[in-house]
Amino acid sequence: MREYEVVTSPHAAPGPQGVAPRRERPPLRRASEGRVVAGVCRGLADHLGLHPLALRAAIVVLTLVGGTGALIYAFLWATVEPDEGEAQIRAARTRWADPGVLLVVGGGLAVLLGVAALVQSWGLDLRLDITLPVLLLTVGAVFVWSQLDAPRRDRLLAHQGIDRRQALGRLVLGLGLAVAGLVALGVQGGNLAQLRDVGGAVLLTLAGVSLLAAPYVARLWRDLREEQAGRIRETERADIAAHLHDSVLQTLALIQRRADDPVQVARLARAQERELRSWLYTGPTGHAATLAGAVAAVGHEVEDLHGVPIELVVTGDRPLDADGQALVNALREALVNAVRHGEPPVSAYVEVGRVSVEAFVRDHGAGFDPDDVPADRLGVRESILGRMQRHGGTARVRRLESGTEVSLELPVPVEHQGAES
Amino acid sequence: MTEPSGSMPIRLVLVDDHRMFRSGVRAELDEISGNRLEIVGEAGTVDRAVEVIREQQPDVVLLDVHLPGGNGRGGSDVIAGSAGVSTRAGGPVRFLALSVSDAAEDVIAVIRAGARGYVTKTISGPELGGAIVRVADGDAVFSPRLAGFVLDAFGAAAGEIAEVDEELDRLSSREREVMRLIARGYQYKEVAKELFISVKTVETHVSSVLRKLQLSSRHELTAWASARRLL
């Protein structure tokens with residue numbers, strides 16, 4: 001057996017010289033060494049495992065009988081990649097290194113030989129109007145089969161698949177060529193009746209071929225769909241990974257750096273938790289243009305500023321107006337007081353009702369008596385009590401057994417009450 | 001923690017798909033409960049949880065809302081799969097939902113499947129211990145957030161009040177008061193003091209709200225429960 005010239009596959013490291021040839025056939029390429037004209041016969045011989053001389057003889061004979069050999073040679077010369085460079089080896093592999101194609105090429109040659117012999121036996125002179133359709137037929141068949149076989153090849157070799165749209169395009173092109181070839185071959189020099197007969201025969205043949213090819217085409221289509229779905233999943237996964245990287249992983253890194261500062265760690269963890277939550281569940285509250293949204297924003301802001309978690313519950317919602325904004329501002333002050341002077345857990349409950357908005361902020365600290373608060377301390381007196389009064393609401397500070405509770409109430413303007421639902 | 005319900009420790013099963021969270025809860029409960037609680041099993045999937053519950057017949061199951069396996073409905077599947085199992089004392093197995101999820105439909109779904117309460121994972125150890133004891137005694141446990149959901153879902157925040165207490169689609173005014181105080185962060189004890197009623201009465205009201213939550217066909221509730229989002 002003769003030695004293969006290049007047997008490296010793009011996926012395997014080049015083995016040591018002299019190793020027994022792999023069972024896999026070398027890809028079909030135009031040989032750069034040991035060639036006579038363009039290396040077509042030598043390359044084909046390597047690929048098929050035949051002696052190049054036999055192929056050369058066949059080509060010469062075919063050329064002599066009617067020129068077909070020269071056409072085949074020219075076709076192969078134009079389509080088969082020359083044997084040089086890794087990239088070209090890879091391109092050639094994905095296109096040609098396949099037993100199916102091999103069969104087709106062999107079969108095509110056999111058919112050509114047979115047809116040539118047959119026509120010769122009829123005593124006819126082989127002219128271009130016969131050889132050309134035959135060639136077209138062969139080319140079409142090669143295209144069709146090389147593409148129909150693609151899914152199996154991809155699966156066997158586990159390659160990154162070639163472009164399936166392109167494959168379908170080639171399939172159509174190949175079929176068209178094959179039909180054209182068949183019809184041209186059938187009706188040459190014939191009359192109208194022959195044309196009809198041949199046309200019918202071609203259609204019948206095509207129907208048969210379609211039936212045979214249908215499973216392959218279906219699989220091709222399914223593979224295409226699977227690949228698309230896989231790509232969509234992959235994109236989604238990448239989006240999630242990117243988000244987690246930008247948010248959670250960064251925060252975890254920050255937390256590790258600040259491990260000695262529990263307040264900072266708690267604040268970072270809480271902020272990250274909230275961010276992730278709103279990303280996952282799109283949050284229980286609306287945007288900031290509504291009262292509930294503004295309340296949530298204020299709660300988060302105070303949490304971030306002071307690193308104390310606030311259990312915030314909001315029910316109902318309404319558009320944010322100036323009075324509502326005043327309530328939000330007073331609530332913010334109450335929350336700041338609770339996290340600064342009280343003890344956790346800090347709870348806040350805002351109920352947006354039909355006739356009034358009520359807000360409660362409670363902590364579990366030692367508590368204080370509002371009457372004891374010095375007049376110059378603006379916090380409670382001005383920012384909470386005064387503000388609520390100016391907007392027609394009320395504010396109350398209660399001392400509980402454990403902790404303090406600030407309650408705010410703001411009546412909803414009468415003209416809005418009917419519109420609420 | 002409230003008074004012990006007999007001398008036997010409460011037998012507890014932890015169901016959560018995060019092993020780290022389970023060991024954290026276990027450590028915290030060991031620390032605070034002494035010998036009042038006994039963790040008799042752990043599970044990380046729906047199917048394993050049902051297996052463990054059938055085998056151990058615990059008093060209380062601490063149940064994560066999101067779990068792999070089963071029919072894809074997480075904690076609700078565990079409750080459905082454990083139907084008919086009774087505790088060693090012959091009572092019903094109680095479920096306490098424990099979740100990081102803020103999504104109302106998740107919470108409502110697991111409550112409607114039969115859980116006796118819902119608390120968030122940020123709950124402190126002693127509070128969790130108290131909640132477990134309360135659930136073991138057959139009472140309901142509502143976090144402020146769950147109380148908020150209830151007020152919203154029953155339209156109580158908007159002023160809808162039941163004419164008669166038995167009405168399933170609305171809260172009675174007393175139930176509304178209790179829910180509001182829980183939403184404000186009050187403990188049952190503080191709610192009782194505020195409303196001049198006994199803790200037992202508070203528990204009765206909360207249980208009655210839980211029952212309404214489970215049985216009501218109110219549109220918002222069913223919409224929430226059925227439109228449970230899947231991630």
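What percentage of the 231 residues of chain B count as buried? Please start from there and go on to the helices and loops.

Reply: Of the 231 residues in chain B, 48% count as buried. A residue is buried if 20 or more other C-beta atoms lie within 10 Å of its own, exposed if 12 or fewer, and partly exposed in between, with the C-beta atoms placed from the backbone.

Some notes on the model come first. The model is predicted, so local features need pLDDT of at least 70 and side-chain atom pairs count only at pLDDT 80 or more, while totals for chains, interfaces and linings use all residues. Residues are numbered from 1 along each chain as its sequence is written, and chains are lettered from A and ligands numbered from 1 in the order in which they are written.

Chain B has 10 helices and six strands. Helices (H or I, at least four residues) and strands (E, at least two) are DSSP runs, numbered from the N terminus. Contacts say something about how the chain folds back on itself. Two residues are in contact if their C-beta atoms, placed from the backbone, lie within 7 Å. Taking the contacts in chain B between residues at least 6 apart in sequence, 65% join residues at least 24 apart.

Now a single helix. H5(B) covers residues 125-136, which is 12 residues. From its first C-alpha to its last it reaches 17 Å, close to the 16 Å expected at 1.5 Å a residue. The expected span is 1.5 Å times one less than the number of residues in the helix. Buried residues of H5(B) include B:Leu128, B:Gly129, B:Ala131 and B:Ile132. The run B:Val133, B:Arg134, B:Val135 and B:Ala136 is buried too. Just after this helix, B:Gly138 takes a positive phi of about 90°.

Next come two helix pairs that share H9(B). Their angles and distances refer to axes, which are lines fitted to C-alpha atoms, for helices over the stretch in contact; angles run from 0 to 180 degrees between N-to-C directions.

In one pair, H7(B) (residues 173-183) meets H9(B) (residues 199-215): the axes come within 10 Å and cross at roughly 100°. That angle makes H7(B) roughly perpendicular to H9(B). Angles under 35 degrees count as roughly parallel, over 145 as roughly antiparallel, 65 to 115 as roughly perpendicular and the rest as oblique. On the H7(B) side the contact is made by B:Arg174, B:Glu175, B:Val178 and B:Met179. H9(B) supplies B:Val202, B:His205, B:Val206, B:Ser208 and B:Val209. By class, this contact has five nonpolar, two polar and two charged residues. Here Ala, Val, Leu, Ile, Met, Phe, Trp, Tyr, Cys and Pro count as nonpolar, Asp, Glu, Lys and Arg as charged, and the others, Gly among them, as polar.

In the other pair, H8(B) (residues 188-195) packs against H9(B) at an angle of about 105°, with the axes 8 Å apart. H8(B) is therefore roughly perpendicular to H9(B). The residues in contact are B:Tyr188, B:Lys189, B:Val191 and B:Ala192 from H8(B), and B:Val199, B:Val202 and B:Glu203 from H9(B). They divide into five nonpolar, no polar and two charged. B:Val202 takes part in the contact with H7(B) and in the contact with H8(B).

The loop between H8 and H9 of chain B holds B:Phe196. Most residues other than glycine have a negative phi. B:Phe196 is not a glycine, yet its phi is positive, at about 55°. B:Phe196 counts as exposed because it has 7 C-beta neighbours inside 10 Å.

B:Gln57 is another case: it is not a glycine, and it has a positive phi of about 45°. B:Gln57 sits in the loop between helix H2 (46-56) and strand S3 (60-64) of chain B. With 17 other C-beta atoms within 10 Å, B:Gln57 is partly exposed.

To go back to the opening question, 48% of the residues of chain B count as buried. B:Leu128 in H5(B) is one of the buried residues, whereas B:Phe196 is exposed and B:Gln57 is partly exposed.
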